[in-house]
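This briefing is intended for a reader who is new to the structure shown below. It treats pockets, a surface patch and salt bridges in turn.

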Amino acid sequence: QLDDLSALVEKATELRVTLEPPAQLLTHEQVQAAFNQIQVIPYYQPKVDLNRCQVVGVEALARIRLPGEVNALRPCRFMPVIQEYGMLPQLSQRMLQQACKDLPTIKSILGNDIKVSLNISPEELENTYLADSLEHIWRKSGASNDSLVLEITEEHYIHNSAQLESLNRLRLRGFGLSLDDFGTGFTNINQLRDLPYTEVKIDRSLIINIHRDSFCQAILNGLVEIARQLGITLVAEGIEHMDELKYLMQTYPALILQGYLISLPRSLDTLNTWHKGWQHQFGNRSHIHRHQP
Ligand code: C2E
Ligand code: MG
Ligand code: MG
Ligand code: MG
């Protein structure tokens, strides 16, 4: 039944090639100018529950759109500059403000229950007013706090007391907290016990070739069971191939899926077209349910 999905694979492969970034970093002046001229914008990548045939969320990923450039530039072209010049708070504010503006459109396409994920860097957690400032901005969207999820990369082990306090404050306000890129960096399973995460995103490195990698299968089996018992949402990111998708769907019906195969990160104005295609593929596919009675 899944064979007609192969059209998606081709499309994704085609699009990916056109998105290959040149290696050059933007200068500080270019990044600053992009902020001033509102050329820093979120692209949105859907997170889907294939078992329920539902789009459950969108992850906002920062892009810079320079005049005259066809493709929006990805973070690898500007994140090092933003980090070096202490512009991370500015980036989060801009991304969240824009997401607030975009939310009515996103909801009108994907439904009122849609969640928005925002990436924040661990350094930002050191500012214990983070929860206040994010809440202040998000309030303007009219949406409740539990419809905003903050994705935090575990590239650094979260340890200092300010970071812990921030995480707890964010959670107390009702924001979702997602442990991003799980399986890379300083993976420490204790973080799931000690920190108030509501979601874990399994890094692409554990998803590649999952259908024929028994090591990754063993890890995933464990994670699925841990997440189930702790009541944490599990997301698999970076799904590029049909074999991976089929295996994950069939083996782990509760997993939320994200990746180029389902959708590239896309500008707001292409979300509707993507969703129509998605509905066409999955709208009447209750027969895809496999493990639920
Ligand atoms: P991330 O949060 O782990 O986001 C996932 C990255 O993987 C994104 O790259 C996304 O475009 C890419 N991706 C999605 N599906 C696939 C797939 O199927 N295959 C492959 N190979 N890649 C896939 P992107 O947009 O270049 O962002 C890179 C990183 O930059 C993000 O990783 C995140 O850590 C950071 N970032 C992006 N936007 C922001 C932001 O607004 N603020 C902060 N602080 N960091 C951001
Ligand atoms: Mg992320
Ligand atoms: Mg990351
Ligand atoms: Mg990630």
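The largest pocket of this predicted model has a volume of about 960 Å³. Its lining comprises 34 residues, and E59, L61, N119, D180 and D181 lie nearest the centre. The second largest pocket has a volume of about 500 Å³.

**Lining of the largest pocket**

- Two or more lining residues come from each of β2 (54–64), α3 (79–84), α4 (88–110), β3 (115–120) and β5 (176–182).
- The element that gives the most to this lining is β2, with 5 residues.
- Sorted by class, the residues lining the largest pocket are 14 nonpolar, 9 polar and 11 charged.

**Lining of the second largest pocket**

- This pocket is lined by 28 residues, and V56, G57, D113, I114 and K115 are the closest to its centre.
- At least two lining residues are supplied by each of β2, β3, β7 (233–236) and α10 (271–282).
- By class, the lining of the second largest pocket consists of 10 nonpolar, 12 polar and 6 charged residues.

**Nonpolar surface patch**

- A nonpolar patch on the surface is formed by I189, I226 and L230, which together have about 250 Å² of accessible area.
- I189 counts as partly exposed because its relative accessibility is 44%, a value between the limits of 20% and 50%.

**Salt bridges**

- Side chains of opposite charge can pair when their charged atoms come close.
- The structure holds 14 salt bridges.
- One of them joins the side chains of D49 and R52, at 2.9 Å from N to O; D49 counts as buried because its relative accessibility is 5%.
- Another salt bridge joins the side chains of R169 and D132, at 3.9 Å from N to O.
- That pair links distant parts of the chain, with R169 in helix α6 (residues 161–172) and D132 in helix α5 (residues 130–139), 37 residues apart.
- R169 is partly exposed, with a relative accessible area of 28%, and D132 also counts as partly exposed, at 31% relative accessibility.
- The side chains of K201 and E151 meet in a further salt bridge, at 2.9 Å from N to O.
- Here too distant parts of the chain are linked: K201 belongs to strand β6 (residues 199–202) and E151 to strand β4 (residues 148–153), 50 residues apart.
- K201 counts as buried, at 0% relative accessibility, and E151 is likewise buried, at 0%.
- Through shared partners, salt bridges join K47, E59, E151, E199, K201 and E237 into one network.

How values were computed:
Residues are numbered from 1 along each chain as its sequence is written. Chains are lettered from A and ligands numbered from 1 in the order in which they are written. This is a predicted model: local features need pLDDT of at least 70, side-chain atom pairs count only at pLDDT 80 or more; totals for chains, interfaces and linings use all residues. Side-chain values use heavy atoms; hydrogens and water are left out. On a 1 Å grid over the protein atoms alone, a cavity is a set of points where a 1.4 Å probe fits but cannot get out, and a pocket is an open set with protein on both sides within 12 Å along at least five of seven lines; lining residues have an atom within 4 Å of a point. Grid points are joined across faces, edges and corners, and a volume is the space filled by probe spheres set on the points. Helices (H or I, at least four residues) and strands (E, at least two) are DSSP runs, numbered from the N terminus. Ala, Val, Leu, Ile, Met, Phe, Trp, Tyr, Cys and Pro count as nonpolar, Asp, Glu, Lys and Arg as charged, and the others, Gly among them, as polar. Patches are made of residues with over 30% relative accessible area and no salt bridge: like charges are joined within 9 Å, nonpolar side chains (Val, Leu, Ile, Met, Phe, Trp, Tyr) within 5 Å. Accessible areas come from the Shrake-Rupley method with a 1.4 Å probe; for residues, only the protein chains shown count as cover. A salt bridge is a side-chain nitrogen of Lys or Arg within 4 Å of a carboxyl oxygen of Asp or Glu. Buried means under 20% relative accessible area, exposed over 50%, partly exposed in between (1.4 Å probe, protein chains only).
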